[in-house]
Amino acid sequence: QVQLQESGPGLVKPSQTLSLTCTVSGGSITTNYYYWSWIRQPPGKGLEWMGVIGYSGSTYYSPSLKSRTSISRDTSKNQFTLQLSSVTPEDTAVYYCGRATGGSTDFYWGQGTQVTVSS
């Protein structure tokens with residue numbers, strides 16, 4: 001059973017870069033047809049998909065966040081990382097990592113981590 005765990009600072013100052021890591025266990029991030037996403041939920045709002053890195057390392061981003069978002073991976077540590085630059089208080093949210101499988105509706109979530117943007 002795959003498990004995902006988000007980690008990173010809970011408080012980020014405005015204009016700084018938010019950086020979160022998702023550590024994966026129970027499966028390799030390079031396994032064919034696995035897609036590793038970042039999703040967030042601001043307080044009182046719905047889920048927002050931010051971007052994905054695929055098993056081959058290809059990345060795709062939400063058009064609304066593309067200019068500020070970067071997703072990368074460290075295959076030696078079985079981790080993938082989100083960087084969101086130039087944050088504002090509107091980036092305050094619970095951030096989740098997750099895994100989808102091509103051709104399947106299954107989706108596995110991390111437990112989520114709260115990130116607050118405040119001076």
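Predicted model: local features only at pLDDT ≥ 70, side-chain atom pairs only at ≥ 80, totals over all residues.
Let me begin at glycine 10, which sits in the loop that joins strand E1, residues 3-7, to strand E2, residues 11-12. If we set aside the neighbours within four places in sequence, glycine 10 is in contact with Gln114, Val115 and Thr116. Isoleucine 53, by comparison, is 43 residues from glycine 10 in sequence, and the two C-alpha atoms are 23 Å apart in space.

Stepping back to the chain as a whole, it contains 11 strands and zero helices, so that reading from the N terminus the order of elements is simply β-β-β-β-β-β-β-β-β-β-β. The radius of gyration is 14 Å, close to the 14 Å that the globule rule gives for 119 residues, so the chain is as compact as a globular protein of that length. Along the principal axes, the C-alpha atoms fill a box of roughly 40 × 30 × 25 Å. Of the 119 residues, 39% are buried, and the accessible surface comes to about 6,200 Å², with 47% of that belonging to carbon and sulfur atoms. If we take the contacts between residues at least 6 apart in sequence, 53% of them join residues that are at least 24 apart.

Now to the sheet that contains E1. Four strands make up an open sheet, in the order E1-E3-E8-E7, with antiparallel pairing. Which strands lie at the edges? They are E1 and strand E7, residues 69-74, each of which pairs on one side only. From one strand to the next, the twist averages 20 degrees.

Turning to the aromatic residues, the structure holds seven aromatic pairs. In one of them, the ring centres of tyrosine 35 and tyrosine 55 are 5.6 Å apart and the planes stand at 75 degrees; an angle over 60 counts as edge-to-face, and so this pair is edge-to-face. Elsewhere in the list of ring pairs, Tyr34, Trp36, Trp38 and Phe80 are linked into a cluster.

I will finish with valine 117, which is placed in strand E11, residues 113-117. Is valine 117 buried or exposed? With a relative accessible area of 4%, valine 117 is buried, because the cut-off for that class is under 20%. Not counting residues up to four places away in sequence, valine 117 touches Val12, Lys13 and Pro14, and also Val87, Thr88, Pro89, Asp91 and Thr92. Among these, threonine 88 is 29 residues away along the chain, yet its C-alpha atom is separated from that of valine 117 by 6.2 Å.

Terms used
Residues numbered from 1 in each chain as written. Heavy atoms only, no water. Helix = DSSP H or I, 4+ residues; strand = E, 2+ residues; numbered from the N terminus. Contact = heavy atoms within 4.5 Å. Pairing = 2+ DSSP bridges. Axes fitted to C-alpha atoms, helices over the stretch in contact; angles between N-to-C directions. Rg over C-alpha atoms; globule rule 2.2 N^0.38 Å. Buried < 20%, exposed > 50% of the residue type's maximum accessible area, 1.4 Å probe, protein only. Areas by Shrake-Rupley, 256 points an atom, 1.4 Å probe, with all protein chains shown as cover. Phe/Tyr/Trp six-rings, centres within 6.5 Å; stacked < 30°, edge-to-face > 60°.
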